[in-house]
Amino acid sequence: MELSPNSLAFIALCNEFCFAVENVGESTRSAFVASMLRLLPRIYISATDLKPEPLLDEDEAYIDSFLDEDYYESIRRQIESLLGEDDVYLEVFEEDMKYSETPIGMSVAEGICDIFQVLYNFIVMVKDAPEDMVNSALTAVKEDFGSYWSQRVCNLMRPLNHIQYSSEADDDDDM
């Protein structure tokens with residue numbers, strides 16, 4: 001079994017995304033936001049187009065957890081600090097919004113880190129893995145995409161777009 005070009009492209013995009021998130025401390029606000037706006041839609045499209053080989057046993061599709069909570073929290077705080085007051089945005093596609101009369105605030109940093117956690121675990125698992133294990137991980141990440149993180153990607157695009165094209169983002173780089 002050989003991996004498809006789209007599977008290879010998806011793995012490369014996941015790696016690039018994880019690298020950008022892990023190096024947030026060395027990035028400017030505008031460069032980080034631009035990077036997320038460039039990577040997230042491409043990851044979304046690539047994940048949508050994933051077609052891993054069917055598994056004989058559906059229980060084979062899994063991704064181990066490698067990212068520890070302290071590392072997640074460290075990166076989340078760095079992103080939150082970089083974005084400042086623009087880290088919080090109002091979310092209308094949150095399930096709890098149906099039952100709430102008050103707006104629901106979400107964190108860009110937490111959303112990015114939630115996606116990072118999935119993709120980091122995926123990348124660590126497939127690195128140097130045999131193709132059948134890579135296919136299993138691709139199946140699991142595709143399932144997780146549909147049930148969980150695809151909506152996160154969409155939700156993050158709006159506040160990131162606002163940060164990118166608002167005048168405050170331009171003023172931030174002038175300091």
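Modeller: A residue is called buried under 20% relative accessible area, exposed over 50%, and partly exposed in between, with a 1.4 Å probe and protein chains only. This is a predicted model, in which local features need pLDDT of at least 70 and side-chain atom pairs count only at pLDDT 80 or more, while totals for chains, interfaces and linings use all residues. Residues are numbered from 1 along each chain as its sequence is written, and side-chain values use heavy atoms, with hydrogens and water left out.

Colleague: In which order do the elements of the protein chain run from the N terminus on?

Modeller: Helices (H or I, at least four residues) and strands (E, at least two) are taken as DSSP runs and numbered from the N terminus. On that basis the protein chain has six helices and two strands. Read from the N terminus, their order is α-α-α-β-β-α-α-α.

Colleague: What share of the 175 residues of the protein chain counts as buried?

Modeller: For the 175 residues of the protein chain, the buried share is 42%.

Colleague: How many residues apart are Glu 16 and Arg 38, whose side chains meet in a salt bridge?

Modeller: A salt bridge here is a side-chain nitrogen of Lys or Arg within 4 Å of a carboxyl oxygen of Asp or Glu, and Glu 16 and Arg 38 meet in one at 3.0 Å, N to O. Glu 16 is partly exposed because its relative accessible area is 31%, and Arg 38 is likewise partly exposed, at 40%. The pair links distant parts of the chain, with Glu 16 in helix α1 and Arg 38 in helix α2 (residues 29-48), and the separation is 22 residues.

Colleague: Which residues are linked in a network of salt bridges?

Modeller: In helix α3 (residues 69-83), Arg 77 and Glu 73 are four residues apart and therefore separated by about one helical turn, and their side chains meet in a salt bridge at 3.8 Å, N to O. Glu 80 and Arg 76, also four residues apart in helix α3, meet in a salt bridge at 3.2 Å, N to O. Arg 76 counts as buried because its relative accessibility is 14%, whereas Glu 80 is partly exposed at 32%. The network consists of Glu 73, Arg 76, Arg 77 and Glu 80.

Colleague: Is Asp 128 buried or exposed?

Modeller: Asp 128 lies in the loop between α4 (108-126) and α5 (131-165), and although it is not a glycine, its phi is positive, at about 60°. Most residues other than glycine have a negative phi. Because its relative accessible area is 75%, Asp 128 is exposed.

Colleague: Which residues form one aromatic cluster?

Modeller: Rings of Phe, Tyr and Trp (its six-membered ring) pair if their centres lie within 6.5 Å, with planes under 30 degrees apart counted as stacked, over 60 as edge-to-face and the rest as tilted. By this rule there are six aromatic pairs. One aromatic cluster is formed by Tyr 44, Phe 145 and Trp 149.

Colleague: Where is Glu 2 found?

Modeller: Glu 2 counts as exposed because its relative accessibility is 72%. The segment that holds Glu 2 is the one before α1 (5-22).
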